[in-house]
Amino acid sequence: MATINFDSELRRAGANATGGWGRFAFLAQRHVLGTVGLVIMLLFVLTAIFANVISRYDPLSVDSAHRLAAPSALHWFGTDSFGRDVWSRIIHGARISLAVGIGSTTLGATLGVIVGLASGYLSGWVDLVFQRVTDILQSLPLLVLALVMTAALGPSLPNVILAIAIPLIPTVARVIRANTLALREQPFVEAAKSIGMSEMRIALRHVLPNTIAPLIVLATAQLGSTILTEASLSFLGLGIPEPYPSWGRMLSESAAEYVRTAPWLVIFPGIAISLAVFGTNLFGDALRDILDPRQRG
């Protein structure tokens with residue numbers, strides 16, 4: 001296993017950076033696309049936090065007098081077939097997308113770490129059972145398994161988070177297991193065993209912290225796929241139910257009927273989904289280059 005010394009790595013790369021902000025500025029200049037992705041992610045997070053301040057109208061308020069109004073100074077992104085302001089619905093839809101994305105990624109990563117750590121460190125029949133279960137889960141595509149689970153559980157925010165989190169477990173578990181198998185043979189683990197430290201304490205205190213870097217990279221990369229999966233589920237009518245604004249449901253309501261007469265109902269939610277996924281992917285790629293020693297020349 002390789003250990004990253006960021007100060008020496010930065011000096012070798014030609015950086016004259018001291019302090020946290022200096023290192024951040026150098027890495028931002030070195031990974032421009034990652035910086036763009038980080039800025040996009042921060043904009044969406046701030047938008048979700050201050051949605052009530054930024055939005056001009058209630059996203060659930062119906063105004064039949066302004067049905068299908070084109071984008072204007074009054075309604076920046078126009079209105080939908082019920083007269084609801086599209087800008088406000090997209091702003092509040094960011095809360096739904098981030099809640100599902102962060103919630104499902106956190107839950108899936110947590111369960112995946114537990115499975116991968118136990119499987120890699122304990123080995124034996126524990127490893128055999130966990131690997132067969134992960135093989136079964138991984139044989140099904142993420143969207144297909146999420147569709148089956150949401151259809152069984154019913155459309156709601158907690159159910160969507162759970163349905164998307166379960167298919168993420170195998171990927172995280174395999175990455176953590178691979179790192180754990182390498183770490184358990186390291187001298188520091190043998191030293192901990194020699195002084196009588198329990199297996200549980202060794203796994204949690206010495207092995208688990210050394211798997212954090214690949215876990216962060218993987219979780220960031222999966223965040224975009226979870227947002228896209230939630231939009232797909234909502235588009236198919238199995239995601240977040242009405243009247244809560246969801247980008248995928250906004251597309252499903254308008255794609256077939258209003259794509260010609262009111263194209264803004266399709267364009268703006270599509271742009272929001274694309275930017276969210278694009279930003280997380282760019283930032284995830286940059287994190288992989290920074291935290292994964294195998295990416296270094």
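The chain is built from 13 helices and zero strands, where helices (H or I, at least four residues) and strands (E, at least two) are DSSP runs numbered from the N terminus. The structure is a predicted model, in which local features need pLDDT of at least 70 and side-chain atom pairs count only at pLDDT 80 or more, whereas totals for chains, interfaces and linings use all residues. Residues are numbered from 1 along each chain as its sequence is written, and side-chain values use heavy atoms, with hydrogens and water left out.

Along its principal axes, the C-alpha trace spans about 75 × 50 × 30 Å. Of the 297 residues, 43% count as buried, that is, under 20% relative accessible area with a 1.4 Å probe and protein chains only. Among contacts (heavy atoms within 4.5 Å) with a separation of 6 or more, 68% come from residues 24 or more positions apart.

Helix α5 (residues 86-122) packs against helix α8 (residues 157-183) at an angle of about 35°, with the axes 5 Å apart; axes are lines fitted to C-alpha atoms over the stretch in contact, and angles run from 0 to 180 degrees between N-to-C directions. The residues of this contact comprise 21 nonpolar, nine polar and one charged, with Ala, Val, Leu, Ile, Met, Phe, Trp, Tyr, Cys and Pro counted as nonpolar, Asp, Glu, Lys and Arg as charged, and the others, Gly among them, as polar.

T229 lies in helix α11 (residues 212-235) and is buried, with a relative accessible area of 6%. Leaving aside residues up to four places away in sequence, T229 touches L142, L143, A146 and I164.

Terms used. Buried < 20%, exposed > 50% of the residue type's maximum accessible area, 1.4 Å probe, protein only.
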